[in-house]
Structure formats: structure tokens, C-alpha cells
Amino acid sequence: MGDCNAIQCKRGSCARESRQLLAGSSTSLPVSPGLNVVVPVHNRWDLTASCIGYLRLQTLPHDVIVCDNGSTDGTPQRLRASFPELRVIELGANLGFATACNRGVHASSAEIIVLLNNDVVCRPDFLERLVVPFGEDGRIGSAAALLLKPDEETIESFGLAADPTLAGYPRLRGSPARSAQATDPVLVGPSGAAAAFRRRAWAAVGGLDEGVFSYGEDVDLALRLRAAGWSAAAASDAVAIHIGSASAVTRSPWQRYQGGFSRGYFIRRYGILRGRTALRALTTEAIAVGGDAIVFSHDLAALRGRVAGWRAAGGLPRHRHPPDDAIDDDITFVKSLRLRLGVYSGDAGACT
């Protein structure tokens, strides 16, 4: 692979510190140096070309691996013609977000791995800012980027937050960009749209769970990393624009089925219905499914997805509950319902 034509940084100490971090200095990571960016894609060549074009402008050297989930618009061929420095992995079919990311990470070799959606537009210093936390604390297993909406004034997400039932939500979604320094809600880990991971941490928990096709995998990975003793950092200087849901039909039956599948699957894997939050979880899911069927979508896609996800998790080992400091108890029952409602209004949203 090439160096993605990265432009050398000449703008200050942050770039020097980032390069020292990845080059083996006294403040560097203890394992092999380097940075790999994994971009999972499925069609939307226009978005992919834009994303890779902005990666070419990054101030920190890196290698890019694109995992193609069975695109039918010629994306793999176009990538090889337009960006010959990339490594392109063709999966042959749409195997889902988790599988694509896992294949990309498996093909990589760097100590720091960045997952990046193709509908994310990165500022030139995005990568150099995102890796800094890993050199500051060896216990950090992941770092969250600050994703803004296209208006560049509103936060799309600054990592993820989880409520007591382990439902995940985009942290600080809808807040002004200046709110990025806020410590609430509690950060559990990064959004899969733009996330950095220490390879040792990723390997220790086995990467993303391929039992779900889409939705909630990043929340689950964050929870498992925290349960394994790794911490998460919020890199407020690592800024990118997230177009959001650009390659999917907003609130389509397929989306609602997959979101429901993910929720049912992880509820069972974490044994939520056997714990102290069982009643709250059941009530929340009943309201969410009922509201979807009666008020919004007038079908049972969300319910069917939850039932299928619950069944799919049958017989699988149960995950450990994350530490209390990874969960935001301030996301009350009422607040969680409001966040769920945001799925339909577009102002906020649940990840699962």
C-alpha cells in the first residue's frame, strides 16, 4: 500500500506529537507503529470518492483499506483506477457493517485502527488529532471523534452514551458544536461512523459482533471494551462532518427491522431481562414497538426484528455487564423515550 499522498504537517506541535506517537518515541505506543483507516462501503461511489479524497489531504501518514460490501455501481474498479494506493477488499456480497469492518481490520497491521464511514468528510488534521489520546494513557482502548452535521454548527454525535438498559444513543446529538467539552452524557465509546481503536484492545474482545447485520454493533463493542477494562477517550479536536444515513432509506421497513433485530439480539446477549432493569427494558421496548406500529410506520417490522434478534442470540454466551461508570444513569426512563422518539423526528436517536 502507499501513503495515500498524505500532506506533511507544518502547522505546530500536535502534528509532531502525533508522528512521534506512531514512530516509536518515548511517548509512543508499546507495539508496532502505524495507522490504518478501514472504510466499509456499499455503492454510493460519489460518497466514497469524496471520503477518500479528503483522506488524501490528511496531515498524518496512514494506509487505507476499503472493504466493498458487494457494490453494484463499479466501486471496486473505480477505486483501483482513481486511488491506486489503496487496498481494496471485495466481499462479493453485502455481508453487513460488522463483517466488512472485521475483514478490514484483519487485513491491517497497524497499532491504531480507524473505522470511517464513506459519508464522513474529515478535516485535514482529523487523524492526527484522533490518535493523540492513545499516547497519553495506555489504558485507552478507543477514541471518539466529534462528528458535526452538515451545517457544521450542530453535533451529530460525539461518541456514544448508554442508558441503564444498555440501549445506546448518539452522545450530544443536536447540541451546539461548542458543547463538545461537556462531560455529560457519560461517554461509553466511539460511534462506528468515525472511531479509533488500539489493536490490542480490539483483538482482546474479538472486534465487532457479526451476529447482527447493522445497527448497535458499535455500542456493543464499546460495552465489551469497557467490561474488559479498557477506557474510552473523547477527542474534541478531531472534527469531521457526517452526512448521515446517506446510503440508506430513512426509517424504511428494512432499517426498522434491522434496528429491532439488533436490540432484541443484544438484550438477550447481555441478559437484560434477567437483571434489575428488566421491567424498564420491557416497558421501553413495548412503547417503542407500539408507537412504531400504531403512530408512525403502521407495520410490525420493528417487532419482527426484535423477535428474530432474540431468537438468533439463543444459546450464545452472555456478555459481561460493563462497569457502572460506563453507564449514564442520568438517562432516565422518560429521557430514553424522548431519545427514541428522535429516531422519527430526526433530532436525536437511539443506536439500537
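Reader: Is Arg129 buried, exposed or partly exposed, and what is its relative accessible area?

Author: Arg129 is partly exposed, with a relative accessible area of 27%. Buried means under 20% relative accessible area, exposed over 50%, and partly exposed in between (1.4 Å probe, protein chains only). This is a predicted model, in which local features need pLDDT of at least 70 and side-chain atom pairs count only at pLDDT 80 or more, while totals for chains, interfaces and linings use all residues. Residues are numbered from 1 along each chain as its sequence is written, and side-chain values use heavy atoms, with hydrogens and water left out.

Reader: With which residue does the side chain of Arg129 meet in a salt bridge?

Author: Side chains of opposite charge can pair when their charged atoms come close. A salt bridge is a side-chain nitrogen of Lys or Arg within 4 Å of a carboxyl oxygen of Asp or Glu. Here the partner of Arg129 is Asp125, at 3.1 Å from N to O. Asp125 is buried, at 15% relative accessible area.

Reader: How many salt bridges does the structure hold?

Author: The structure holds 17. One of them joins Arg224 to Asp220, with the closest N and O atoms 3.0 Å apart. Both residues are buried.

Reader: Where do Arg224 and Asp220 lie?

Author: Both lie in helix α8 (residues 217–227), 4 residues apart, or about one turn of the helix. Helices (H or I, at least four residues) are DSSP runs, numbered from the N terminus.

Reader: Which residue forms a salt bridge with Arg340?

Author: Glu285 does, the closest N and O atoms being 2.8 Å apart. Arg340 belongs to helix α12 (residues 333–345) and Glu285 to helix α10 (residues 278–296), so the pair ties together parts that are 55 residues apart in sequence. Arg340 and Glu285 are buried. Through salt bridges that share partners, Arg263, Glu285, Arg306 and Arg340 are joined into one network.

Definitions and conventions. Helices (H or I, at least four residues) and strands (E, at least two) are DSSP runs, numbered from the N terminus.
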